[in-house]
Amino acid sequence: MTQTTATPQPLATTPALSTIATYSDYLEAQAAVDLLSDQGFEVGAVRIVGHDLKSVELVTGRMNYGKAALYGAGSGAWLGLLLGLLMALFLPGAFFLAVLTAVVFGAIWGAIFGLIGFAVTGQQRNFRSHTATKASSYTLEVPTERAQSALQVLSAGR
């Protein structure tokens with residue numbers, strides 16, 4: 001954590017804010033807000049601001065027709081389970097049959113749509129991934145009139 005002097009950064013819809021600390025990790029900034037809250041500091045106007053945002057795509061594995069059908073079937077089965085449970089509320093005598101039928105049909109339709117979705121992309125995207133947004137640094141901003149008390153709380157620690 002790097003503590004800096006209070007610098008006003010006003011916004012049109014919020015009170016004038018001052019940056020009181022800079023962190024390299026979001027969890028550190030979150031812990032600082034938690035500390036402020038635990039010490040009774042009003043955190044309703046506190047902001048954690050990420051700077052130099054970048055999109056990071058985490059590749060999780062290769063995709064092929066078999067996996068597309070399998071992932072689609074899994075998603076469809078979950079949706080079928082949800083719909084089956086809802087249907088079973090209105091069919092109390094056939095609870096198990098309603099749920100099982102919905103899960104099977106959901107899995108079949110999910111597999112079909114999974115295959116169609118993969119076929120549409122062709123070989124342009126034959127991998128699975130998740131996208132995350134990352135920041136290079138995070139600043140902690142508080143209302144200017146309370147910046148000094150926030151700095152004192154952070155300096156004292158737990």
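Mentor: Let us begin with contact, which means heavy atoms within 4.5 Å. Leaving aside neighbours within four places in sequence, leucine 36 is in contact with Phe41, Val43, Leu140, Ala150, Val153 and Leu154. This is a predicted model, in which local features need pLDDT of at least 70 and side-chain atom pairs count only at pLDDT 80 or more, while totals for chains, interfaces and linings use all residues. Residues are numbered from 1 along each chain as its sequence is written, and side-chain values use heavy atoms, with hydrogens and water left out.

Trainee: What makes asparagine 64 partly exposed?

Mentor: Buried means under 20% relative accessible area and exposed means over 50%, with partly exposed in between (1.4 Å probe, protein chains only). Asparagine 64 has a relative accessible area of 33%, and therefore counts as partly exposed. This residue is found in the loop between β4 (54-62) and α2, where helices (H or I, at least four residues) and strands (E, at least two) are DSSP runs, numbered from the N terminus. Asparagine 64 and alanine 119 are 55 residues apart in sequence, yet 9.5 Å apart in space, C-alpha to C-alpha.

Trainee: Why is aspartate 52 called exposed?

Mentor: Its relative accessibility is 60%, so aspartate 52 counts as exposed. Aspartate 52 lies in the loop between β3 (47-51) and β4, and has a positive phi of about 55° although it is not a glycine.

Trainee: Which residues have the most contacts inside the largest nonpolar core, and what makes a set of residues such a core?

Mentor: A nonpolar core is a set of buried Ala, Val, Leu, Ile, Met, Phe, Trp, Tyr and Cys residues joined through side-chain atoms within 4.5 Å. The largest one has 19 residues, and those with the most contacts inside it are Ile20, Tyr23, Leu36, Leu140, Val142 and Leu154. At least two residues of this core come from each of β2 (17-23), α1 (26-38), β6 (137-143) and α4 (147-156).

Trainee: At what angle do helix α2 and helix α3 pack?

Mentor: Helix α2 (residues 65-90) and helix α3 (residues 95-121) pack at about 150°, with their axes 5 Å apart; axes are lines fitted to C-alpha atoms, for helices over the stretch in contact, and angles run from 0 to 180 degrees between N-to-C directions.

Trainee: How is the whole protein chain arranged?

Mentor: The protein chain has 4 helices and 6 strands, and from the N terminus on its elements run β-β-α-β-β-α-α-β-β-α. Buried residues make up 29% of its 158 residues.
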